[in-house]
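Hi,

Here is the structure we talked about, with sequence and coordinates together. My notes on cavities and cores follow it.

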Amino acid sequence: MKKRTIKQTTERRISASLRIALVLLLLVLNIASVVILTYFLQSHAFIIFALLELIAIGAAVNIQSSDSPGSYKLAWTLLVVAVPVAGMVLYVLWGGNVQSKKLNLLPLPPPGSRSMELRQSSAGQERLGEVLPNWQRTARLLTRRDFLLYRNTAATYFSSGTAFFEDALRRMEKAERFIFLEYFILAEGKLWDRMQSILTEKARHGVEIKIVFDDFGNITRMRNETIEAMRAEGMEVCVFNPVHQYVNRLYFNYRDHRKILCIDGQYAYTGGVNVADEYVGILRRFGEWKDGGVLLDGPGAWGLTAQFLHMWEMLGERFHNEHDYYRPLYDRESPGWCQPFGDGPMNNPDNPAEDVYFQCITNARRSLWFTTPYFAVEDSMVRALCMAAGSGVDVRLMLPGIPDHKYTQIVAGSYYELLLRHGVKIYEFTPGFLHTKSLTADGEIAILGSINMDYRSFQLHCECGVVFYGAPVIADVLRDMEDIQSRSRQVDPKSWAKRSRFKKILEKVLRVFSIWM
């Protein structure tokens with residue numbers, strides 16, 4: 001066991017360099033092939049080049065005939081045709097049919113639902129149809145994917161990472177049965193020190209501690225020594241899609257981007273916040289880090305806990321108790337409904353997150369507001385946003401003023417001109433980086449979770465979210481959105497149209513290849 005751990009640690013440390021080296025090698029091979037064909041095989045260069053292009057065209061036809069999204073097909077087609085050698089090798093390793101790329105997860109069904117839960121969910125849908133008839137279809141869309149509708153669940157919205165973790169750490173200190181964490185980033189620092197101290201104390205007192213984190217998101221932020229120390233204290237830690245496996249399979253595109261914290265079954269948190277110092281303002285990287293999250297207290301918490309249970313078992317791990325042990329114990333009287341849901345590459349091309357966003361856009365009648373750190377969506381969703389705004393819906397898109405990656409801001413900007421032309425209002429959060437992921441429509445529905453409005457979240461990442469219908473928390477989200485707008489710069493259509501020609505060209509180029517960003 002010790003030898004295996006040392007081996008995996010060594011592979012983990014060298015794999016990042018190996019990935020970069022592989023890409024560079026492929027590019028060098030492509031350049032070398034051109035040089036050789038030009039200077040040493042002049043008499044046969046035309047035939048060889050023609051053969052390569054024919055193979056590339058065949059690959060392009062195969063890509064275009066797949067069920068993949070349009071942006072995915074366009075990017076790979078251009079790469080394969082432009083640089084046949086490197087393009088086709090990269091396509092075989094990282095592209096191919098999206099559905100054929102399987103993670104190393106066991107094909108297990110999610111935890112089953114009780115017959116009483118099914119009846120209550122069905123009754124909730126009928127009542128929702130009477131109170132908010134415009135959103136009954138959204139609830140049905142998710143229910144048919146086995147994401148149930150819950151009542152009697154209190155929801156608390158947190159408009160900052162600091163408020164989110166202060167509440168979460170306070171409840172963790174009171175945990176009696178179990179604490180589950182599933183995060184894209186668990187970074188060592190002051191926040192993690194506080195959390196690890198609580199987890200260590202709880203583990204010593206017999207509280208069941210289980211942790212899942214994404215390896216790619218933590219390759220430079222969580223030491224193996226820290227992981228082993230956690231395990232030595234009795235915590236169970238499982239790494240999603242370990243980096244050392246990429247040496248052979250290179251599936252680093254598939255990541256666990258979820259943010260789930262479950263405590264004693266009664267409480268479940270999700271949102272945009274990861275466990276890292278920048279999320280609570282201790283570390284200042286891109287100005288003010290604006291984030292948000294939500295707490296579910298009651299039966300709805302099971303919707304997020306069940307997602308953790310499912311992931312843990314798909315990773316080949318086991319639980320100490322039956323699934324029912326991890327369910328909530330108490331109802332919390334609260335109006336409205338909540339519907340937790342998940343998404344991931346395992347269910348491609350069926351993408352609940354993208355479908356729910358799309359349906360909210362098409363269903364909205366009065367207002368449609370979004371916050372997202374990244375905006376890179378399919379043309380169909382852009383057209384839906386334009387149609388909504390053109391029909392009189394108040395469509396507002398809130399994005400970072402200071403991005404964490406400059407190219408993502410440029411890609412988002414490539415959509416501005418068309419959106420502005422159709423009446424979509426765009427705001428850039430001037431104090432810093434807006435990382436909150438939220439949606440509200442007509443003041444009647446809200447979505448909170450880990451989902452970005454980009455290709456990665458809709459197609460490649462494991463994500464989670466909660467839809468709220470007619471719940472008080474919706475008003476809290478709207479107030480936070482209004483505050484964001486009051487501290488943002490609204491993009492002016494005339495000023496935006498005057499941006500440089502170079503920027504316009506760069507926007508178009510980066511947008512084509514946004515699926516890899």
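Helix α14 supplies three residues to the lining of the second largest cavity, the largest share. This is a predicted model, so please read everything here as computed from it.

More on that cavity. Its volume is about 60 Å³. Two elements each give at least two residues to its lining: strand β12 (394-400) and helix α14 (406-413). The lining residues are P373, Y374, F375, L399, P400, P403, T408, Q409, A412, Y416 and E428. By type, eight of them are nonpolar, two are polar and one is charged. In total, the model has four cavities of 30 Å³ or more.

In soluble globular proteins, nonpolar side chains tend to be buried together. Here the largest nonpolar core holds 53 residues. Helix α13 (residues 379-390) is its main contributor, with seven residues. Within this core, the residues with the most contacts are Y357, L368, F370, F375, V395, L419 and Y469.

What does L419 touch, leaving aside its neighbours within four places in sequence? L419 is in contact with F375, V382, L385, C386, L397, V424 and I426.

There is also a second, separate core. That one has 45 residues, including F180, V212, L296 and L304.

Best wishes

Definitions and conventions: Residues are numbered from 1 along each chain as its sequence is written. This is a predicted model: local features need pLDDT of at least 70, side-chain atom pairs count only at pLDDT 80 or more; totals for chains, interfaces and linings use all residues. Side-chain values use heavy atoms; hydrogens and water are left out. On a 1 Å grid over the protein atoms alone, a cavity is a set of points where a 1.4 Å probe fits but cannot get out, and a pocket is an open set with protein on both sides within 12 Å along at least five of seven lines; lining residues have an atom within 4 Å of a point. Grid points are joined across faces, edges and corners, and a volume is the space filled by probe spheres set on the points. Helices (H or I, at least four residues) and strands (E, at least two) are DSSP runs, numbered from the N terminus. Ala, Val, Leu, Ile, Met, Phe, Trp, Tyr, Cys and Pro count as nonpolar, Asp, Glu, Lys and Arg as charged, and the others, Gly among them, as polar. A nonpolar core is a set of buried Ala, Val, Leu, Ile, Met, Phe, Trp, Tyr and Cys residues joined through side-chain atoms within 4.5 Å. Buried means under 20% relative accessible area, exposed over 50%, partly exposed in between (1.4 Å probe, protein chains only). Contact means heavy atoms within 4.5 Å.
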